[in-house]
Amino acid sequence: MSEIAVRVEGLGKRFRVARARRPTMLREALVEGLRAAGGRLAGRRAAAEEECFWALRDVSFEVPRGEAVGIVGGNGAGKSTLLKILSRITEPTEGDAWIHGRVGSLLEVGTGFHAELTGRENTYLNGAILGMKRAEIDRKFDEIVAFAGVERFIDTPVKHYSSGMYLRLAFAVAAHLEPEILVVDEVLAVGDAAFQKKCLGRMEDVAREGRTVLFVSHNMDAVQRLCSRCVLLDGGRVAAAGDSASVVARYLARGVGRHGAGAWIDLGAAGRSGSGEVRFLAARHLSPGRAAGGAAFPGGPLRFDLALHSDADREVGSLAVSLRTPGGTTLIDADILAKGETVALRAGRNELSIQIEDLPLNPGVYVAGLWAGHAFGAAYDHLESAFEVEVVPARVEGLDRVFTPGGGLVPCRFGVLTGGEGEAARRAAGGGGWSR
Amino acid sequence: MAVTTTDTPAEVTWIHASRGWSIPDLGELWRFRELLYFLVWRDVKVRYKQTALGAAWAILQPFATMLVFSLFFGRLARMPSDGVPYPVFAFAALVPWTFFANGLTLSTQSLVLSQNLLKKVYFPRLAIPLAAVLSGGVDLALAMGVLAGMLAFYGIAPGAEALWIVPLLLLALATSLGVGLWLSALNVRYRDVGYVVPFLVQLWLFATPIAYPSSLLAEPWRTVYGINPMVGVVEGFRWALLGTGAAPGGALALSSLAAAALLVGGAFHFRRLERTFADVV
């Protein structure tokens, strides 16, 4: 029995983007073919197809048996191409890969589901497509249906299913695939939060069972939880490989530049309201600690550098940076008004900074808003959605400053009560403690 | 790509670039026979879902064609029919023809219709057009039932030659699949193929002795006519079931050769293009 489950050596995949368009109509192909043949007769060489694009190049790595390895990288880094090659959906242009064991790949849930067929029929069809034997599906059928929670509708065509039921059944079939090597791509990016959590839990089980897993995801939290090691792809090449925390940190450090941490963002075109006597020109945000590439992290400091234009010298009584969820819930409103301070602006360009010391936000993307106005009055300038701020996990590079066992960051006063009323209340609540 | 059959951890898959022509991997297809079964089953199940007439369509198509042929060729044009009543003469040919033509049409479209599978899951691609052709088997069985009824109606009792319809149907299947492999693989890159097929089927219908007997031709030509594999199938059917004259031996042999050439060529062509399906479709 081999110690290595997957060995990849010098793998490359080239796509042709030559001649802007390749003939997709037979007539064009015939004409092109004749022209090329004519050219060859006349001693000319066909126009070299120099427009080649390597989606993957010189990729080498090994996955030991029983290990879960994450593949991370930005869009177009070659992750999906790599998984497609390892799943044998497409062939590499060069290089080799050896896979020791039965592979099951999940590049999508519900592949091959047919709307007209019932849940039962689709379970069998999808199972067979994913590589399960009929006897195996027979054996697991009840379990699959129970996992999906669609017992009542199992003989209803899936076109009548809600999208949630459809996804649950699709994932349930996939989740019962038991290959020696599991290849998973972005499957978690579907469904609501609760469903994703369930899926993730199942994936963790699979990884813990000692199966070899290759996992591609944009969800850095999931990658870190599932995978001990990661491979970072960038532009089709391996940019880093090693333990998950350091590879994810490198990936995020790359991503930060794109999300604009540390870079000035021009606000000239931003949607705004207000009198315009003061205008925000540009802004940037960064975490003064060098770690994580200057990106904001939970519990860390976050500084906003602001450039403003004022049409006259004036005292501004209210200047604020707010952060809210993409859903619109305001979480932070750092307003100098709350501190009773004022800011003096000169006519022309001014620069100043607002710094939040202990950012009480979980990892995620937030929308920053900017406000300048009279104290208790009208706005000079108000940008409801100025730019986005990405908060990255503090776990990277051991930045954990705030003890947040469950990930919650909102401080609250609490204590443990024993005896008397507290005991009674605790028992009534089910006798539980905290699970963590 | 080499794969061993066992499920032991010793199973090794070697992934590499394959070049040029290679032999279609029938062993791999055999290992995926359950998937093939499910694909056929799906096609059969889905075909007549949400149709008012359901499986009656399987019979309606050849039957209506038979009625039209009987009226125009049999009655008005007084087409000779080798001494058997014209309706059963035409229908005996239309049954294998419909199987062939539907198989050809469905398999040509099959890869494009399954592009989601091509892009997301690995399995031998050959299973898709093969399943499309095989799914016509149910329609064929129903039409065969109607044909049996017509034989009884006209008082025709076939002898032991009737057993020949089994290899003859295999010949129709091989022809249908052979052409289907060529066209389905081409259709992945050039969607024009989809538009060519109805036209091709129509021309082929008239190039096959369905509305007329091949006995209209004089002898070396009657045998040479067998280069169209469906000539062997159709004339074989009539001989086996209706007892029309002598066995079409020469034509049938030629038809078998032509079908084999189509099938083998198609399989190699398919194998050559199959590695680019996921990238091109």
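Modeller: A salt bridge is a side-chain nitrogen of Lys or Arg within 4 Å of a carboxyl oxygen of Asp or Glu. Keep that cut-off in mind, and remember that this model is predicted.

Biologist: Which side chains meet in a salt bridge at 3.8 Å, N to O?

Modeller: Lys49(B) and Glu121(A). The rule finds four salt bridges across the interface of chain A and chain B. Polar contacts link eleven residue pairs there, with both partners at pLDDT 80 or more.

Biologist: How do I read the size of the interface?

Modeller: Interface size is often given as the accessible area lost when the parts come together. Here chain A and chain B bury about 4,200 Å² between them. Carbon and sulfur atoms account for 57% of that. Arg88(A), Ile89(A) and Glu91(A) supply 19% of the area that chain A buries against chain B, more than any other three residues.

Biologist: How many residues does each chain bring to the contact?

Modeller: Chain A brings 47 residues and chain B brings 42.

Biologist: Which element of chain A gives the most to the side that touches chain B?

Modeller: β4(A), with seven residues. Other elements supply at least two residues each, among them β1 (4-16), α1 (26-41) and α3 (119-129) of chain A. By type, that side of chain A divides into 20 nonpolar, ten polar and 17 charged residues.

Biologist: What does β4(A) join in chain B?

Modeller: Strand β1 of chain B, residues 12-16. Five bridges join the two strands, which run antiparallel.

How values were computed. Residues are numbered from 1 along each chain as its sequence is written. Chains are lettered from A and ligands numbered from 1 in the order in which they are written. This is a predicted model: local features need pLDDT of at least 70, side-chain atom pairs count only at pLDDT 80 or more; totals for chains, interfaces and linings use all residues. Side-chain values use heavy atoms; hydrogens and water are left out. Contact means heavy atoms within 4.5 Å. Buried area is the accessible area (1.4 Å probe) that two parts lose on being put together, summed over both. A polar contact is a pair of N or O atoms within 3.5 Å; within protein, one must be able to donate a hydrogen and the other to accept it, and residues adjacent in sequence count only if both atoms are side-chain atoms. Helices (H or I, at least four residues) and strands (E, at least two) are DSSP runs, numbered from the N terminus. Ala, Val, Leu, Ile, Met, Phe, Trp, Tyr, Cys and Pro count as nonpolar, Asp, Glu, Lys and Arg as charged, and the others, Gly among them, as polar. Two strands pair if DSSP finds at least two bridges between them.
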